[in-house]
Amino acid sequence: MAVRALLASRLRAASAFAPLHASTPRAALHGSAPRPGARVALVLSGCGVYDGTELHEASAVLVHLSRGGAEVQIFAPDIPQMHVVDHTKGQPSESETRNVLTESARIARGKITDLARLSAANHDAAIFPGGFGAAKNLLCCIAPVLAAKVLRGVEVTVGHEQEEGGRWPYAGTVEAIKALGAKHCVKGVTEAHVDQKNKVVTTPAFMCETELHHIHDGIGAMVKKVLELCQK
C-alpha cells in the first residue's frame with residue numbers, strides 16, 4: 001500500500017500502465033483557477049483499501065499537490081473491479097459488482113477521466129496511491145512492485161525489510177521486489193526514496209503500522225521530491 005510516482009520520461013517508457021492516446025484537454029481538480037505548476041496525473045484503482053485505492057493516501061497526495069501548486073488530473077480504468085470487499089468484514093461480497101472508474105470518481109468528486117485517455121505528453125509526472133486495488137485492478141501488484149515490474153533495476157522503498165514485531169507487516173513484499181530485479185532501499189515511514197536515474201519516487205505509507213500523521217508526512221516528502229524533479 002505504498003505510494004509511488006513516475007516522472008514524465010518514465011511515464012512514457014512505461015506505457016503498459018495505459019494506452020497512450022492523443023492529447024486531451026486537462027481539467028484542474030475542483031475547477032480551481034489556472035495556475036502555473038507541475039502537471040500531475042493521479043491514477044486511482046477504486047475506492048477503499050481492500051478492493052481499490054487507499055483513501056487516506058489519495059487524499060494526502062491531493063493535499064500536498066495542492067499546496068505545491070500542481071495542476072492535477074485524476075484517472076482510473078473503466079473496467080469492472082476484480083471483486084467487491086465488505087470493508088466492515090474484510091471479506092468479498094459475492095452479490096456485488098462495481099466499476100473501477102465509477103468508484104474512483106467518489107474520491108475525485110466526479111472530476112475523473114478514463115485511464116485509456118492518459119497521454120504522457122500532457123503530464124510531468126504520474127502518482128499511484130496504494131491500496132489493494134493497485135494489485136487487483138491495475139497490474140496485479142502493489143504500487144512499488146508496479147514500478148519493479150515495468151522498470152528493470154528500479155530503486156523503490158516499502159519501508160523496512162523485517163516485520164519488527166508487526167510494525168512493518170508487509171515486509172515480505174521486499175522479496176517480491178528483489179525477485180523482479182529491482183533494488184529495495186530501507187526508509188522510515190516519514191521518508192521518501194528518489195531513484196534519480198529512473199525518476200521514480202516512493203514512500204512506505206501504510207506499509208507501516210503507525211499513526212496517520214506519519215503516513216501523511218511521508219506522502220508529503222514524496223510529493224515534494226516529485227515536484228522538485230518536475231522542475232529539473
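Predicted model: local features only at pLDDT ≥ 70, side-chain atom pairs only at ≥ 80, totals over all residues.
The chain has 232 residues, and 51% of them count as buried. Its secondary structure comprises seven helices and eleven strands. The accessible surface is about 10,300 Å², with 51% of that area belonging to carbon and sulfur atoms.

The largest nonpolar core holds 37 residues. Within this core, Leu42, Leu65 and Ile127 touch the most other members. Two or more residues each come from strand 2 (39-43), helix 2 (55-67), strand 3 (71-76), helix 3 (100-107), strand 7 (125-128) and helix 7 (212-230). Helix 7 gives the largest share, eight residues. A second, separate core has twelve residues. Val145, Ala148, Val156 and Met207 are among them.

The surroundings of leucine 42 show how these elements meet. Residues up to four places away in sequence are not counted here. Leucine 42 then touches Val61, Leu62, Val72, Gln73, Ile74, Phe75, Ile127 and Pro129.

Strand 2 pairs with two other strands. Five bridges join strand 2 to strand 3, and the two run parallel. In this pairing, valine 43 has phenylalanine 75 of strand 3 as its bridge partner. Strand 2 is also joined to strand 7, by three bridges and again in parallel. There, valine 40 stands opposite alanine 125. A right-handed β-α-β unit is formed by strand 2, helix 2 and strand 3.

Strand 3 is largely enclosed by the rest of the structure, because five of its six residues are buried. Strand 3 also runs parallel to strand 6 (residues 113-114), with two bridges between them. Alanine 76 stands opposite aspartate 114 of strand 6 in this arrangement.

Arginine 117 counts as partly exposed because its relative accessibility is 41%. Between arginine 117 and alanine 76, the C-alpha to C-alpha distance is 9.7 Å. In sequence, these two residues are 41 apart.

Strand 7 is covered on both faces. In a regular strand the side chains alternate between the two faces of the sheet. On one side of strand 7 lie Ala125 and Ile127, and on the other Ala126 and Phe128. These four residues are all buried.

Helix 7 has 19 residues. From its first C-alpha to its last, helix 7 reaches 27 Å, close to the 27 Å expected at 1.5 Å a residue. Its buried residues are Ile215, Gly218, Ile219, Gly220, Met222, Val223, Val226, Leu227, Leu229 and Cys230. An α-helix has 3.6 residues a turn, so residues three or four places apart point the same way. Ile215, Ile219, Met222 and Val226 are included among the buried residues of helix 7.

Cysteine 230 belongs to helix 7. With a relative accessible area of 17%, cysteine 230 is buried, because the cut-off is under 20%. The C-alpha atoms of cysteine 230 and arginine 39 are separated by 8.6 Å. Along the chain, these residues are 191 apart.

Two loop residues have backbone angles of note. Most residues other than glycine have a negative phi. Glutamate 164, however, has a positive phi near 55 degrees. Glutamate 164 lies between strand 8 (155-156) and helix 6 (173-179), in a loop. Its relative accessible area is 45%, so glutamate 164 is partly exposed. Lysine 199 also has a positive phi, about 60 degrees, although it is not a glycine. Lysine 199 is found in the loop between strand 10 (193-195) and strand 11 (200-203). At 31% relative accessibility, lysine 199 counts as partly exposed.

Methods:
Residues numbered from 1 in each chain as written. Heavy atoms only, no water. Buried < 20%, exposed > 50% of the residue type's maximum accessible area, 1.4 Å probe, protein only. Areas by Shrake-Rupley, 256 points an atom, 1.4 Å probe, with all protein chains shown as cover. Core = buried A, V, L, I, M, F, W, Y, C linked by side-chain atoms within 4.5 Å. Contact = heavy atoms within 4.5 Å. Expected span 1.5 Å × (residues − 1). Pairing = 2+ DSSP bridges. Right-handed = clockwise from strand over helix to strand, strands pointing away.
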